[in-house]
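Dear colleague,

I am passing on the structure we spoke about, with the sequence alongside. Please have a look at the model first; my notes on what was found follow below.

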Amino acid sequence: MNSVGRLQAIKQAIQKCQEESALAAKEIKLIAVSKTHPASSIIPLIEAGQKAFGENRVQEAADKWPAIREQYPDIELHLIGSLQTNKVKEALSLFDVIQTVDRPSLVDAFIKESRKTGAVRCRTFYVQVNTGEEAQKGGVKPGDLKSLMDYINTTGLYIVGLMCVPPVNVPSAPHFALLYELAREFNLPELSMGMSGDYETAIRLGATNIRIGTALFGKRLT
Ligand SMILES: *Cc1c(COP(=O)(O)O)cnc(C)c1O
């Protein structure tokens, strides 16, 4: 099966999960995670109707997406990898959605940069939560989410939801359930959770965005 066939199969699986679970969101956005894959692999999916894509590195997105976008202006690009403050300016001009807000210094950099330049594409942000409290992983620890949200609320940055990447090799469901509870607590409508191996679980637990790479594109090129 090629990537367009896999896209259709994943869409069917999404629909089936929606029908089977009372907690499933009515509308689920499939984000095609195109990191490491060239434009020649991305374009067939765009031609098949796919609009939302995810990249985890600013530099790679800057190399790849402006040319694709010239041809297909309708794309919605999500940053799903951690962001250094010195890349904020570029990230705000490249991405429509940044899913990895996780610290006050980054919030400050967004605010400062969007005041400075009018040319900001990104107006939608998610807070990333490090549900597994892993040292090497981005995201705010669940216990620190309240103070980060309190801070963000003083700045006017528009947070629509929460995002998480659970630890590998453990069941994802408890992490998704925690993210769901946190989103309810802070009144945030969007939940970005679930990847190739666990998106069906994520949908059953209320995901509104799923981020799928391998199951769409095949193995990543490194
Ligand atoms: C790479 C990546 C994905 C996609 O992972 P797959 O297992 O290939 O579907 C999703 N989310 C984030 C944050 C990623 O870095």
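Predicted model: local features only at pLDDT ≥ 70, side-chain atom pairs only at ≥ 80, totals over all residues.

Ala 62 itself sits in helix α3, which covers residues 58-71, and although 28 residues separate Ala 62 from Glu 90 in sequence, their C-alpha atoms are 8.1 Å apart in space.

Turning to the ligand, the residues that surround it include Val 33, Lys 35, Ile 80, Met 163, Val 165, Met 195 and Ser 196, as well as the run from Arg 211 to Thr 214, and Arg 220. A nitrogen atom of the ligand is placed 2.9 Å from an N or O atom in the side chain of Arg 211, while one of the ligand's oxygen atoms lies 2.8 Å from a polar backbone atom of Gly 213. For Arg 220, a polar side-chain atom is found 2.8 Å from an oxygen atom of the ligand. The ligand taken alone exposes 390 Å², of which 88% is buried by the protein.

Finally, the largest pocket has a volume of about 580 Å³; it is lined by 27 residues, and those closest to its centre are Lys 35, Val 165, Pro 166, Met 195 and Arg 211.

With best regards

Notes: Residues numbered from 1 in each chain as written. Heavy atoms only, no water. 1 Å grid on protein atoms, 1.4 Å probe; cavity = no way out; pocket = protein on both sides within 12 Å on 5 of 7 lines; lining within 4 Å. Points joined across faces, edges and corners; volume = space filled by probe spheres on them. Helix = DSSP H or I, 4+ residues; strand = E, 2+ residues; numbered from the N terminus. Near = heavy atom within 4 Å. Polar contact = N/O pair within 3.5 Å; in protein donor to acceptor, adjacent residues only side chain to side chain. Areas by Shrake-Rupley, 256 points an atom, 1.4 Å probe, with all protein chains shown as cover.
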